[in-house]
Amino acid sequence: MSDKADIQDYLAAFDDIPGTRIYTAKRAREGYHLNQFAMSLMKAENRDAWKADEKAYLQRWPMSEAQKEAVLARDYNRLLDLGGNIYFLAKVFSTDGLSFVQAVSTMTGMTVEEYQAMMNAGGRSPKGVRSIKDAY
Amino acid sequence: MARISAGVATSHVPLLGVAVDQGKTGDAYFGPIFAGYDWTKRWVAEQKPDVIVLVYNDHASAFDANIIPTFAIGTGEQFKPADEGWGPRAVPDVSGHPDLAWYIAQSLILDDFDMTIINQMDVDHGLTVPLSMMFGTPAAWPAKVIPLAVNVVTYPVPSGNRCWMLGEAIRRAVESFPEDLNVQIWGTGGMSHQLQGQRAGLINAEWDNRFMDSLIGDSDAVRRIPHIEYLRETGSEGIEMVMWLIMRGALGQRTRLLHRHYHVPCSNTAIGHLVLEPD
């Protein structure tokens, strides 16, 4: 029962989900050094060097200027656009002492309190945010 | 002969590990989540599985962006809890079962599943949180664990159908292992959640519950759910539910429900938990 998906259709459909960046091979390539930078913060000595001088620490990584700026600004939506993956970026916000809820809420345009209240009330409904094209 | 006696599905939210480690499992927020695991804790203590094949995903802990195995099996003697950026969890090391793990690896490769074999790796919350949920806080984990890591982060991740077939092949491998072992298979991750972008916080209780329904009995419709449906309906991280299909595939044609639990929210995530038996 191998009904192999056409790769072009398979990938194109991902762009039809509102407010979502699927971590495709294209993003994984663009974000490789960004994600490896984030991964480096798993080590205590690297976290110390990063905290001591963020800009200097970033110079060790062949990332684009846009990626470096977005890291310094903790602009997580921008970082997703530039190839960052949330599980790698988690090393950056964990080093900042933020929880997943705190960091994730920054991507939604809501305050942490608003976001937490939405989650406690059952989360965001999929209604209307499943598809851009078909708006359902 | 070895046999697969049961399957367990559970979410593996890191915050659950924090709740266990900080003794908060009975408070107002976590109490209702953990209460849904009380039945399973008693059941698993009676069942005394010798080995658990624990299907989970690594969250940029053991594997960075350099190596991305689709299916990896841990064949080592011991696996240490990973330092995920705030120090490793203070939980026991995980003991593997190299004899059975190597046997399964060989059998799977001969069965057309080209596994990645891992002798040494640290295991993150994806693996240790389910152990905490089922076993609490023992001095040593009461069962051997064979980690089976699945890429559900970098696309394309394996299809639901491929996951189901891997489960079937794991069952064939276990059932031909000459030693008499009680083996359980656990599928972890999910349920609906999205940790990124403006749509973060998505939860779809209706879809999640339909998915759980369809793992009970003899339906195999879930194996044909395309990735895009998981993503649209259950959020970008809801795709982890394909790992439940490895568990389901290993239970054979029919399953019987022993226990079921669902709760929203835990952190950003819908908690789902099933205990199934081959029927």
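Two residues are in contact if their C-beta atoms, placed from the backbone, lie within 7 Å. The exercises below use this term for a predicted model.

**Exercise 1.** Determine what share of the contacts in chain A with a separation of 6 or more comes from residues 24 or more positions apart.

*Solution.* Start with the pairs in chain A that have a separation of 6 or more. Within that set, select the residues 24 or more positions apart; they account for 59% of the contacts.

**Exercise 2.** Describe the secondary structure, extent and burial of chain A.

*Solution.* Step one is the count of elements: chain A has ten helices and zero strands. Step two is their order, which along the sequence reads α-α-α-α-α-α-α-α-α-α. Step three is extent: the C-alpha trace of chain A spans about 50 × 40 × 30 Å along its principal axes. Step four is burial, where 35% of the 136 residues of chain A count as buried.

**Exercise 3.** State which domains are assigned in chain A and what distance separates their centres.

*Solution.* The assignment gives domain 1 (22-96) and domain 2 (99-127) of chain A. Taken over C-alpha atoms, the centres of domain 1 and domain 2 of chain A are 23 Å apart.

**Exercise 4.** Characterise the side of chain A that touches chain B, by residues, elements and class.

*Solution.* First, 46 residues of chain A are in contact with 33 residues of chain B. Next, the elements of chain A that give two or more residues to this side include helix 1 (7-14), helix 3 (32-40) and helix 10 (112-120). Helix 8 of chain A gives the most, with six residues. Finally, the division by class on this side of chain A is 27 nonpolar, 15 polar and four charged residues.

Note on methods:
Residues numbered from 1 in each chain as written. Chains lettered and ligands numbered in written order. Predicted model: local features only at pLDDT ≥ 70, side-chain atom pairs only at ≥ 80, totals over all residues. Helix = DSSP H or I, 4+ residues; strand = E, 2+ residues; numbered from the N terminus. Buried ≥ 20, exposed ≤ 12 C-beta atoms within 10 Å, placed from the backbone. Nonpolar A, V, L, I, M, F, W, Y, C, P; charged D, E, K, R; others polar. Domains from an automatic or database assignment.
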